[in-house]
Every structure is written in structure tokens, then in C-alpha cells.
Amino acid sequence: NVVHSQEHGAVWIAFRPGLPKEQLDVLLKQAQGRDFVVVSPYTGLSAPVVLSAWGRQLRLDNADDPRLTAFLRANINGPGTPEPGASCSGGVGEPSA
């Protein structure tokens, strides 16, 4: 489902399970009020936080990294998006910490 959402312009913010609550809160705040952002835990990541868009990826050691906001701005419905703006409704939920 996430790859399909990325095809429509979404950015996936994946985080390692067990990420400290303060860090998870930062990620959720970044996604709040924004369309085309998916936040979810993912086991086996190469960094604590990994942002992925269609054809792009950014690995972060910390959710407070200012590149997170810049990546979202540049890649939500970014220039490489195959089907920008297409609806991806119905996938909203709360992550478990």
C-alpha cells in the first residue's frame, strides 16, 4: 500500500520499532495536517528514521534533523511522482509505539 501511495505522491516516514516517544511525536507532528504522508514502524531499517518518496530516500539518525522538513516539502507530489495528486484515501490510522 505504501508503494502505491508513493506512486501518487506520498512520502513514507518509516521508523524503527522502539523509537523513543519524543522522536515518534516529532514524526507524527510533521505528518499532522498534511496529505500524502504515511508514518509507520518498519523492522530492519538501516537508520532510525527513513523517508522514502518515488525514486528518493533519506536516512536520518534523529527525527529532529532539519532535512526531514525539507525532504517533505521537496517530495510530496514531487517532480518524479508518476501519478501526482491521485487520491490515496482510507489508509489513516494511529501507530503503536
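Predicted model: local features only at pLDDT ≥ 70, side-chain atom pairs only at ≥ 80, totals over all residues.
Student: Which residues of H2 are buried?

Tutor: Within H2, which spans residues 21-31, the buried ones are Gln23, Leu24, Leu27, Gln30 and Ala31.

Student: How do you know that they line one face of the helix?

Tutor: Viewed down the axis of H2, the buried residues fall within an arc of 120°, so they line one face.

Student: What covers the buried residues of H2?

Tutor: The cover includes strands E1 (11-15), E2 (37-41) and E3 (49-53), together with helix H3 (67-75).

Student: Why is Lys21 called exposed?

Tutor: Exposed means over 50% relative accessible area. Lys21 has 54% relative accessibility, so Lys21 counts as exposed.

Student: What makes the contact of Lys21 and Asp25 a salt bridge?

Tutor: The definition asks for a side-chain nitrogen of Lys or Arg within 4 Å of a carboxyl oxygen of Asp or Glu. For Lys21 and Asp25 the N to O distance is 2.9 Å, so the pair meets that definition. The two are four residues apart in H2, which means that about one helical turn separates them.

Student: How many salt bridges does a search of the whole structure find?

Tutor: Two. One of them joins the side chains of Asp65 and Arg67, at 2.8 Å from N to O.

Student: Is Asp65 buried or exposed?

Tutor: Buried means under 20%; Asp65 has 17% relative accessibility, so Asp65 counts as buried. Arg67, at 44%, counts as partly exposed.

Terms used
Residues numbered from 1 in each chain as written. Heavy atoms only, no water. Buried < 20%, exposed > 50% of the residue type's maximum accessible area, 1.4 Å probe, protein only. Arc of directions from axis to C-beta. Contact = heavy atoms within 4.5 Å.
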